[in-house]
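Here is a short report on one protein model.

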Amino acid sequence: MAQNSHHKIIIVGGGTAGITMAARLARSGLASDVAIIEPSDDHYYQPLWTLVGAGLFKLSDTRKNTKDYIPPGVTWIKDSVTAASGEKKSIALKSGQTVTCDWMIVASGVELNWDGIKGAKEAMSAPNVSSIYSKDYVEKTFTMLGGVTSGNLLFVFPQPPVKCAGAPQKIMYLADEILRRNGVREACEIHYRSAPGLIFGVPVFAEVLSKVVKRKNIHTHFNQKIIEVRSAENKAIFADTATGLLLPEVTYDYLHLVPPMKPHGFILASDLCGTEGASVGWVDVDPFTLRHKRFPHVFSLGDVCSAPTAKTGAAIRMQAPVVVSQLLAALKGTGSDAKYDGYASCPLVTGFGKVVLAEFGYDGKLMPTFPMNAAKESRLMWWLKTIILPRLYWNFMLRGRA
Ligand SMILES: Cc1cc2nc3c(=O)[nH]c(=O)nc-3n(C[C@H](O)[C@H](O)[C@H](O)COP(=O)(O)OP(=O)(O)OC[C@H]3O[C@@H](n4cnc5c(N)ncnc54)[C@H](O)[C@@H]3O)c2cc1C
């Protein structure tokens, strides 16, 4: 028979945001009876998948055991949430159990919506279609790129939101260099087709990236969203983003596909979502306190929350201390001044050994950490991306120390 339980604080999802929150709460020593609901034994550092796709790392280099990152004193409920209610403070699990709580932190990330593009799921089994966005296809990306001798390579940016919105072009820049190294670049064309009308949302970085695509002789096409892949014919179908009108079909020899993304079904079906504007479907939080707008005992951070920032792990690193401060103050019955300023960062890999570190906050405000000109390709930032940030993630962020 299904057993029900109650915890003071429940964290839904044990990915980047969930584990970081659990670790910070455990380290604070001020929060007792914390439980985290996470079904997976595996925890992946997704930011390295761009470099797995380029053959610099193996998928296994980006994986660790979830169990090793559940902090001592925190209860791991190894199960999946099937329904959640902010009003009832309750969560239904796949096992049939119901868990109730006093405080809820929602950190369930996004779901890759392959069904959002007709034919995408079938296309992923073709040898000339890949995606760095899924652990199932990321290594195939390098195999695919290594096998290119000539033809058209098509890189797609779907209708946003997309986590780490820079990644669909980072892998393209690395692909360009792989083709050059293999001596086949002259026999290939690279096309980037993007639903948004800009190469990047922050003008100063868009300017640098426009120069990069020009230098690399990459053909860019904006305001076109992918709606179908006919993999048997090597064709992709796009529609004008604004009007929805169909555009002439595009033939490819190789396709790097990025699926649209959405909240998980249990979030969409819950009372936690926003009902207006960009917050529809996402956990409806105040963008500064990350506290739910209608249920004060609910917080949310990471990719699933409605805060209008870039969905990145870097954003979570700044969101987590705010949620901890707000929650601990609420537990004491006081208030907290801690506010999230929208900080997010995207190390834009423009080639092997080259990164433009884009750091920005709400409304595209530049927020550089380092004193040098951020809008410049830098080898130092490459070392940051490939060596320092992975270590920071596993040893400090997920341990609640950074
Ligand atoms: C290719 C790629 C490149 C990226 N590059 C960068 C980068 O350079 N810099 C950067 O900062 N970020 C980058 N990111 C983004 C970053 O990885 C994400 O923003 C971050 O991992 C989101 O964390 P999260 O906790 O919100 O979601 P996740 O880490 O995805 O965790 C969500 C968790 O919720 C769990 N879950 C889902 N459904 C349920 C359920 N029903 N019940 C219980 N648990 C559930 C999942 O199992 C998962 O563990 C990249 C991502 C990708 C894919």
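## Domains

The C-alpha centres of domain 1 and domain 2 lie 30 Å apart. Domain 1 spans 5-110 + 263-340, and domain 2 spans 113-261. These bounds come from an automatic or database domain assignment. Their contact takes 14 residues from domain 1 and 16 residues from domain 2; two residues are in contact if their C-beta atoms, placed from the backbone, lie within 7 Å.

On the side of domain 1 that touches domain 2, α2 gives the largest share, four residues. That side divides into eight nonpolar, four polar and two charged residues. Ala, Val, Leu, Ile, Met, Phe, Trp, Tyr, Cys and Pro count as nonpolar, Asp, Glu, Lys and Arg as charged, and the others, Gly among them, as polar.

## Basis of the model

The model is predicted: local features need pLDDT of at least 70, side-chain atom pairs count only at pLDDT 80 or more, and totals for chains, interfaces and linings use all residues. Residues are numbered from 1 along each chain as its sequence is written.

## Ligand shell

The shell around the ligand has 18 nonpolar, 15 polar and four charged residues. Domain 1 and domain 2 each supply at least three residues. α1 (16-28), α2 (49-53), α8 (313-332) and β20 (344-351) each supply at least two. Helices (H or I, at least four residues) and strands (E, at least two) are DSSP runs, numbered from the N terminus.

## Helix α5

Helix α5 covers residues 167-181. Just after α5, Gly183 takes a positive phi of about 70°.

Key:
Expected span 1.5 Å × (residues − 1).
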